[in-house]
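Good morning, colleagues. Please look at the structure on the screen, and I shall then describe its contacts in turn.

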2 protein chains.
Amino acid sequence: MTGDERRDQILHVAIKLFSQYGFRGTTTKKIAEEAGVSEAMVFRHFASKSELYHAILDYKACESGNAMPFAWVSEAIKNKNDFEVFYQIILNALNRHQQDPEFMRLLMHSALEGHELADMFINESIVPTYEVLSFYISQRQRDGMFRNLNPKLIVRAFVGMMIHHSINTTLWDKNGRILKITNEEAARGFTEILLNGIKKNTD
Amino acid sequence: MTGDERRDQILHVAIKLFSQYGFRGTTTKKIAEEAGVSEAMVFRHFASKSELYHAILDYKACESGNAMPFAWVSEAIKNKNDFEVFYQIILNALNRHQQDPEFMRLLMHSALEGHELADMFINESIVPTYEVLSFYISQRQRDGMFRNLNPKLIVRAFVGMMIHHSINTTLWDKNGRILKITNEEAARGFTEILLNGIKKNTD
DNA sequence: GTCTATACTAGGATAGAC
DNA sequence: GTCTATCCTAGTATAGAC
């Protein structure tokens, strides 16, 4: 195996283990073992355990194209297509989380252990969501279409449904013992609840 | 200091540190240091670090009166007072979480590290919530008051708003930088969104 | 009930041979 | 590029004195 291949392999083993046991809970010994090499090899490719963690950060930051958030709903936002705005955001999030459940766990470990990944994610993914959506909501309130609830509170309700469902499906209720449902159905259901919940009564 | 007092003190220091750094991330040395005693004293009161963790479990299990969940909303459920049912549950949860933010962190560490606390909490707090509420919701659907969405999905939306808000206020957004709001306002807002979202249109 | 000293283990990291 | 052997530190736990 070439150097780069080996490096890549170790990186992926580390991602898997870190996401499972957290940074502290994962030993370099275990990483080496799972990769089928000696511990010395791990330290040949990554100067320290901490550097390995940062390599994962870079990798994940590049992989998840968080660069241009919401470009793909700008059309729906422009057209004031309420359903499409919320449905697409939620469906996209659920799909991404499901494709990469490791990332969810990595993120939560990171948040609790106080590593940078969590901050990175909040700044590049959560904060923009709050900004874009609360701006859209207050606009629709001025249009007289939504009731005058605190826009940020609405966003929190929305993000809450989304994240909690993702965490449930990817971490605890993997086989759908409590609730088995496709991402499309979930996205549709949540969007309906939210929109009916905040729309101005027409009567 | 008497034996019991000292034991209690060590227990509380441990709760604080475990909730902050997790089980693995907390050293017995650190516990001893914060308690102002030698490490040997910690092991005099608790045979092992693991026993200390289980003592915390017992303590927390007794402290949070999860024994009779929802006895205090049974009146509202009987009277089919929709607002009261959801408002009281959510307000109660937000207040409890806020009074004991340590518990939230402890719980999350536990969930990720795969300790029993998480299972305990899910079985004694989350599962009953799902059961009681989805039963109530399907009843109100038969009454023709709620739309025919999957009851479990509705509960998930509800629990999602609740938990996500708690996590935000107790863990990340403590000073309300993103959203500053009282528990009463939040509970009212979420309840309004949810109820309007699932009520049958009267027109 | 408390301490100091210490045994033992595990985990991170390196040296040096092949 | 890979291994074995090893060092060092930190962490759990115990012994024994006061």
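I begin with Ser38(A), where a backbone N or O atom lies 2.9 Å from a phosphate oxygen of DNA strand D. Please bear in mind that this is a predicted model.

Which elements give two or more residues to the surface near DNA strand D? They are helix H1 (3-25) and helix H3 (39-45) of chain A, together with helix H2 (28-35) and helix H3 (39-45) of chain B. By residue class, this surface divides into seven nonpolar, eight polar and five charged.

I turn now to the protein interface. Chain A and chain B bury about 3800 Å² between them, with 68% of it on carbon and sulfur atoms. On the chain B side, Leu112(B), Arg156(B) and Ile193(B) lose the most area to chain A, together 22% of what that side buries.

Four salt bridges are found across this interface. One of them joins Arg156(A) to Asp173(B), with the closest N and O atoms 3.6 Å apart. There are also 10 residue pairs in polar contact between the two chains. Of the elements in chain B, H9(B) gives the most to the side that touches chain A, with 13 residues. That side comprises 20 nonpolar, 13 polar and nine charged residues.

Terms used. Residues are numbered from 1 along each chain as its sequence is written. Chains are lettered from A and ligands numbered from 1 in the order in which they are written. This is a predicted model: local features need pLDDT of at least 70, side-chain atom pairs count only at pLDDT 80 or more; totals for chains, interfaces and linings use all residues. Side-chain values use heavy atoms; hydrogens and water are left out. Buried area is the accessible area (1.4 Å probe) that two parts lose on being put together, summed over both. A salt bridge is a side-chain nitrogen of Lys or Arg within 4 Å of a carboxyl oxygen of Asp or Glu. A polar contact is a pair of N or O atoms within 3.5 Å; within protein, one must be able to donate a hydrogen and the other to accept it, and residues adjacent in sequence count only if both atoms are side-chain atoms. Helices (H or I, at least four residues) and strands (E, at least two) are DSSP runs, numbered from the N terminus. Ala, Val, Leu, Ile, Met, Phe, Trp, Tyr, Cys and Pro count as nonpolar, Asp, Glu, Lys and Arg as charged, and the others, Gly among them, as polar.
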